[in-house]
Structure formats: structure tokens, C-alpha cells
Amino acid sequence: EERMLPVQINLWGVAAATAFAMIVGALWYSDLLFAKQWMKLIGRTPEDLQKDGGQMYLLTALCWLLAAYILAHAVQYVAADTWVEGGVTGFWAWTGFVFTTNLIHGLFEGKSKKLMALNLGYTLVGFIGMGIILVLLPD
């Protein structure tokens, strides 16, 4: 009987991958990159986001932490041991789970293609970067 291989997860690597995704988000949705376009597409202002900001950022960090923890398992299961393999693992995880489910919801909810592309671009960079970090900081 085959069993799932045990994995050793480096929690520092998971924390670093989470921090990476949060930093990318802070840049992605900043005035340096896409803040103006994103705000227009979602019909909100910076003041709107300030109201619930703390809770939203905390939940965002927890979601990225969970994603990084699960991706760390995937990186180990595929035995990725180079930064390229880590990035590819992140890409396939994003493609199979993030891209597909977000596209389904976006299509049914009538979201603009620009908004979907902007948000999916952020998570793509996040997953590829996390995969790389998780290989560079192994167990």
C-alpha cells in the first residue's frame, strides 16, 4: 500500500514566502504600479479601504500564509530542488487552482477582464515567487 510521503516544512521558509506575497501586493496595488487602475475598476477609494484595512490585511496575510504552507508541501512532493523548479511548481499551483477558480467566478459575476487580469497577475507573481523562496529555504 502506497502512502503519502512525510514532509518537513520549514516554517521560516513559509513565513518568508508569505512576507514576499504581502510585499508584492503592497507594491502591485500601490501608486507605483496599479493602484489607480485597480481603484477605478473596483469602484472604491483609498478612504474606503482604510475603514476595514486592518482586518483585510490580517486576513490577507493569513490566506497567503495558508497558501505558502500548502505550496511548501507541493514543492516537496514534486522534489523541486532548484529555483526554476520551485517557480514552475508555483506556476502550476497557480494555474490549476487560482487561475481556474478565479476565472470561473469572474465570468459568472461579470467582472471586467481588466480587473481579473490585474488580480491574477498579482497572484501569479506571488505563487511563482513563493515557490522559488520555498526551494531556496528548504527544510
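This report describes salt bridges, a nonpolar surface patch and the surroundings of one asparagine in a predicted model.

## Salt bridges

Two salt bridges are found in a search of the whole structure. One of them joins Asp48 and Lys51, with 3.9 Å between the closest N and O atoms. Both residues belong to helix H3, which spans residues 46–51, and they are three residues apart, about one turn of the helix. Asp48 has a relative accessible area of 23% and is therefore partly exposed, whereas Lys51, at 65%, is exposed.

A salt bridge also links the side chains of Glu109 and Lys111, at an N to O distance of 3.4 Å. Lys111 is partly exposed, its relative accessible area being 43%. In general, side chains of opposite charge can pair when their charged atoms come close.

## Nonpolar surface patch

Trp83, Val84, Val88, Phe91, Trp92, Leu136 and Leu137 make a nonpolar surface patch of about 710 Å². Helix H5 (residues 83–109) supplies the largest share of this patch, with five residues.

Trp92 is located in helix H5. With a relative accessible area of 55%, Trp92 counts as exposed, because the cut-off for that class is over 50%.

Asn119 lies in helix H6, which covers residues 113–136. The relative accessibility of Asn119 is 27%, so this residue is classed as partly exposed.

When residues up to four places away in sequence are not counted, Asn119 touches Tyr29 and Trp38. The C-alpha atoms of Asn119 and Asn102 are 9.2 Å apart in space, and the two residues are separated by 17 residues in sequence.

Note on methods. Residues are numbered from 1 along each chain as its sequence is written. This is a predicted model: local features need pLDDT of at least 70, side-chain atom pairs count only at pLDDT 80 or more; totals for chains, interfaces and linings use all residues. Side-chain values use heavy atoms; hydrogens and water are left out. Helices (H or I, at least four residues) and strands (E, at least two) are DSSP runs, numbered from the N terminus. Buried means under 20% relative accessible area, exposed over 50%, partly exposed in between (1.4 Å probe, protein chains only). Contact means heavy atoms within 4.5 Å. Patches are made of residues with over 30% relative accessible area and no salt bridge: like charges are joined within 9 Å, nonpolar side chains (Val, Leu, Ile, Met, Phe, Trp, Tyr) within 5 Å. Accessible areas come from the Shrake-Rupley method with a 1.4 Å probe; for residues, only the protein chains shown count as cover. A salt bridge is a side-chain nitrogen of Lys or Arg within 4 Å of a carboxyl oxygen of Asp or Glu.
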